[in-house]
Each structure stands twice: as C-alpha cells, then as structure tokens.
Amino acid sequence: MSANQQKKVRVFSGIQPSGQIHLGNYLGAIRGWVENQDKKDNIFCIVDLHAITTPQNPIELKKQTEILTTLLFASGLNPDKNTIFIQSQVPAHSEACWILNCITPIGWLERMTQFKDKSSNKKTVSAGLLDYPVLMAADILIYDTQEVPVGEDQKQHVELARDISQRFNNIYGETFVTPQPVIPSTGARIMGLNDPTVKMSKTFSHIKGHSVGILDSPDEILKSFKKATTDSGNEIQFSEDPSKAGVNNLLTIFKVITNKNNSQTEKHFSNARGYGDLKAEVAEVVIQEFKPIREKYQMLKNDQPELNKLINKGSEIAQSISSVKLSEMKNKIGFIN
Ligand code: TYM
C-alpha cells in the first residue's frame with residue numbers, strides 16, 4: 001500500500017451547544033480541528049445530549065445548536081472533508097451509552113473532576129451529569145476513534161473512555177479501539193480574562209469580561225481585554241508565578257494565534273509601555289483572527305436550508321458508521337438481532 005493509500009487516522013471530537021463559543025473553545029479545540037482537516041479522517045459532533053445534563057431552556061438550546069453548526073462551518077471546517085453532525089440525531093450514541101453504563105463502576109464516575117466541580121453546591125444534580133463521561137465514551141468508541149483532540153479539561157474523560165473500552169474488551173472480547181487524547185501543546189487551557197485562576201468557560205459567559213465569544217464585535221473584544229485582570233507589575237514575560245497568571249494568559253493567547261514561541265513573544269513586547277499595550281495588541285490579534293469567521297458566519301446563517309442539508313448529510317454518515325459498531329456490541333452482549 002502506498003503512503004497515499006494508507007488509511008487516515010480516525011479522529012472524533014465534540015462541542016456543547018450550551019452557550020457562547022469562546023476563545024478557549026477556539027484555541028483548545030476548533031482551531032486544531034481546522035488545521036488538521038486534510039490529514040485525518042475527522043468526525044465532529046455537536047453534543048446536545050451532553051448539553052442537557054445541566055438545565056437548558058429549550059428555545060435557547062435550539063438557537064445555540066443552530067449558531068454552533070453555522071460557526072463550525074464558518075470557522076473553516078469543510079463539509080466535504082469532515083463529518084459534522086448533531087449527536088441527538090444519531091440514536092447509536094444513547095444506545096451505546098446505556099450498554100457501557102452497565103459495565104462502568106459508579107466509583108469511576110464519582111472521581112471525575114468535572115463532575116465534582118459541576119455538582120458542588122448544587123441542591124440537585126441529574127443522573128445525566130454523573131453519566132456524562134460514559135456518553136462521551138460512547139461517542140468516541142462507536143466510531144473506532146484513534147485520536148480525540150480536546151482541551152486539557154477533557155483529558156480525564158478521554159482517559160476514562162480508554163478504561164471503559166478496555167473493560168468491555170476484557171469482558172466481551174476485542175471490540176473497541178482504545179483512543180488517545182490529543183492535547184495542544186499551547187492553548188489547551190485558556191483562563192478567564194476577569195479571573196485567570198479559573199479556566200475560560202461557557203458556565204461563566206454571563207459574567208462581563210470573563211470570556212470573548214467568536215462572534216463578539218471588535219469593540220466588545222477590545223473592552224473585554226482592556227478589563228483583563230493582570231497584576232501590579234509591568235514585566236511582560238511568561239511566568240509560573242501564580243500572581244502573574246493574568247499576564248501569562250494574555251501572552252499565551254498571543255503566542256498561539258501568532259504561532260510564535262515564548263522568546264519571540266516576549267521579544268515582540270520588549271518595547272511595550274506596559275500592560276495597556278499588551279492588552280491592546282492581544283485584543284487586536286484576536287479581533288483579526290475572528291474577523292473572517294464572523295464574516296463567513298453572517299453569510300452562512302442566512303442559508304439555513306443549506307446548513308440543514310449539510311448537517312443531515314453528516315448525521316446520515318455518522319449513523320451508517322456507528323450502527324455497525326453498535327450491532328457488534330449488541331451481538332457480543334447477547335442481544336437477539
Ligand atoms: P466543551 O463544549 O466544554 O468544549 C469544547 C472543546 O473546547 C475545549 N475547551 C477549552 N480549551 C482550552 N481552554 C479552555 N478554557 C477551554 N474550554 C473548553 C474543551 O476541552 C473541548 O475540547 N465533553 C466535551 C464535549 C464532548 C466530547 C465528546 C469531546 C462530548 N463528547 C467526545 C471529545 C470526544 C465538552 O463539554 O466540551
């Protein structure tokens with residue numbers, strides 16, 4: 001087999017339509033998906049089943065799902081090179097999740113950091129929230145996924161998917177490929193602009209100045225960066241010092257977007273007059289990065305029938321791939337075909 005004919009690596013990843021898609025989602029995930037779209041066999045999923053593990057307003061969920069669909073195409077994902085679809089349109093995800101639930105010890109789920117964070121201080125927590133990583137394992141495993149490109153916060157969940165795949169294989173015989181998390185070397189954990197001790201998150205998007213959305217106007221982006229929390233110093237350098245986390249975050253954002261290394265980034269700011277200059281320049285590269293995406297988004301969003309066609313095609317492809325693995329699972333566990 002020649003190198004060209006070799007089968008491409010199967011990639012699967014997902015993103016929730018549960019709120020504003022922000023710079024962290026972009027740098028930790030979407031940007032890398034777009035960069036690798038020619039090299040790998042990609043499947044990207046809008047995970048609305050995951051979104052409802054915390055309460056969602058139905059009208060808002062529909063709206064956010066449409067926005068996210070449009071945004072993924074506007075970001076540069078080519079529908080001819082990637083399978084892009086909506087999770088709830090492919091029932092194999094829920095079915096496989098149920099089967100995997102039945103071999104996953106609860107203790108594995110209670111240990112998940114995200115579950116602990118999202119459930120702390122809540123009066124009631126849905127069973128779905130605890131089960132979230134099993135659904136994620138189902139997403140990944142039913143496509144024979146080899147690589148899962150995600151930000152740092154999802155690494156633990158992908159590792160759990162590995163454990164679940166191995167447990168199923170041990171009990172029922174070789175069925176699943178064991179997937180690898182692929183975490184970007186920089187930008188895998190973008191922090192909140194208002195509070196650089198917490199990761200930028202959709203959960204806090206209602207807090208002004210916490211995050212910047214891909215669709216924010218240049219003015220809004222500049223405002224958010226201008227208000228970014230820094231420290232009382234004036235040194236523009238990468239640092240492990242927790243008190244410098246704000247500056248570190250701003251430099252990281254600049255570094256990833258401009259494809260520079262640490263010393264090139266620091267050198268770039270060697271003549272800056274202080275944090276004000278730093279904030280303005282970082283805001284500018286973000287504005288320029290998002291400009292073509294926002295423009296394409298405005299164009300695409302008016303053609304909802306075409307978007308629906310693309311997403312339906314994606315769901316059909318996803319359905320045809322995943323149904324094969326689901327049948328194999330059912331067969332292995334003793335269901336009558
Ligand atoms: P979600 O929707 O929270 O985030 C989508 C992607 O963005 C990354 N990300 C970040 N990266 C850097 N800095 C940040 N501050 C930041 N915040 C979010 C996430 O790591 C993720 O890659 N559970 C997943 C969705 C999912 C999934 C899957 C992913 C469902 N099934 C199967 C991979 C494979 C989630 O909630 O992503």
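The structure holds 0 disulfides, where a disulfide is a pair of cysteine sulfur atoms within 2.5 Å. This is a predicted model, in which local features need pLDDT of at least 70 and side-chain atom pairs count only at pLDDT 80 or more, while totals for chains, interfaces and linings use all residues. Residues are numbered from 1 along each chain as its sequence is written, and side-chain values use heavy atoms, with hydrogens and water left out.

Cys45 is buried, with a relative accessible area of 1%, whereas Cys102 is exposed, with a relative accessible area of 54%; here buried means under 20% relative accessible area, exposed over 50%, and partly exposed in between, with a 1.4 Å probe and protein chains only.

The ligand is the next subject. It is surrounded by 27 residues, of which the closest are Tyr132, Asp139, Asp153, Ile190 and Lys202, a residue being near a molecule or strand if one of its heavy atoms lies within 4 Å of it. By class, this shell has 12 nonpolar, 11 polar and 4 charged residues, where Ala, Val, Leu, Ile, Met, Phe, Trp, Tyr, Cys and Pro count as nonpolar, Asp, Glu, Lys and Arg as charged, and the others, Gly among them, as polar. Strand E1 (10-15), helix H1 (23-35) and helix H7 (127-141) each supply at least two residues of the shell around the ligand; helices (H or I, at least four residues) and strands (E, at least two) are DSSP runs, numbered from the N terminus.

Which protein atoms lie 2.7 Å, 2.8 Å and 2.9 Å from polar atoms of the ligand? An N or O atom in the side chain of Asp139 is 2.7 Å from a nitrogen atom of the ligand, a polar backbone atom of Gly151 is 2.8 Å from a ligand oxygen atom, and a backbone N or O atom of Met200 is 2.9 Å from a nitrogen atom of the ligand. Taken alone the ligand exposes 710 Å², and the protein buries 97% of that, with accessible areas taken from the Shrake-Rupley method with a 1.4 Å probe and, for residues, only the protein chains shown counting as cover. A polar contact is a pair of N or O atoms within 3.5 Å; within protein, one must be able to donate a hydrogen and the other to accept it, and residues adjacent in sequence count only if both atoms are side-chain atoms.

Met200 also touches His210, which is found in the loop between strand E5 (180-182) and helix H9 (218-226). At 1% relative accessibility, His210 counts as buried, and a polar atom of its side chain lies 2.9 Å from the backbone nitrogen of Ser201. Not counting residues up to four places away in sequence, His210 touches Gly192, Leu193, Asn194, Val198, Lys199, Met200, Ser201 and Phe204, contact meaning heavy atoms within 4.5 Å.

Another loop residue, Lys244, lies between H9 and helix H10 (245-258) and is buried, with a relative accessible area of 17%. Its side chain makes a polar contact of 3.2 Å with the side chain of Asp231, and, with neighbours within four places in sequence left aside, Lys244 is in contact with Asp231, Gly233, Ser239 and Tyr275.

Asn121, in the loop between helix H6 (113-119) and H7, has a positive phi of about 65 degrees although it is not a glycine, and is exposed, with a relative accessible area of 82%. Asp144, in the loop between H7 and strand E4 (147-149), has a positive phi of about 50 degrees, although it is not a glycine either, and is partly exposed at 32%.

Finally, helix H13 (residues 304-333) contains Gly314, which is buried, with a relative accessible area of 5%. The C-alpha atoms of Gly314 and Pro79 are separated by 8.0 Å, although the two residues are 235 residues apart along the chain. Gly314 touches Thr83, Ile84 and Phe85, not counting residues up to four places away in sequence.
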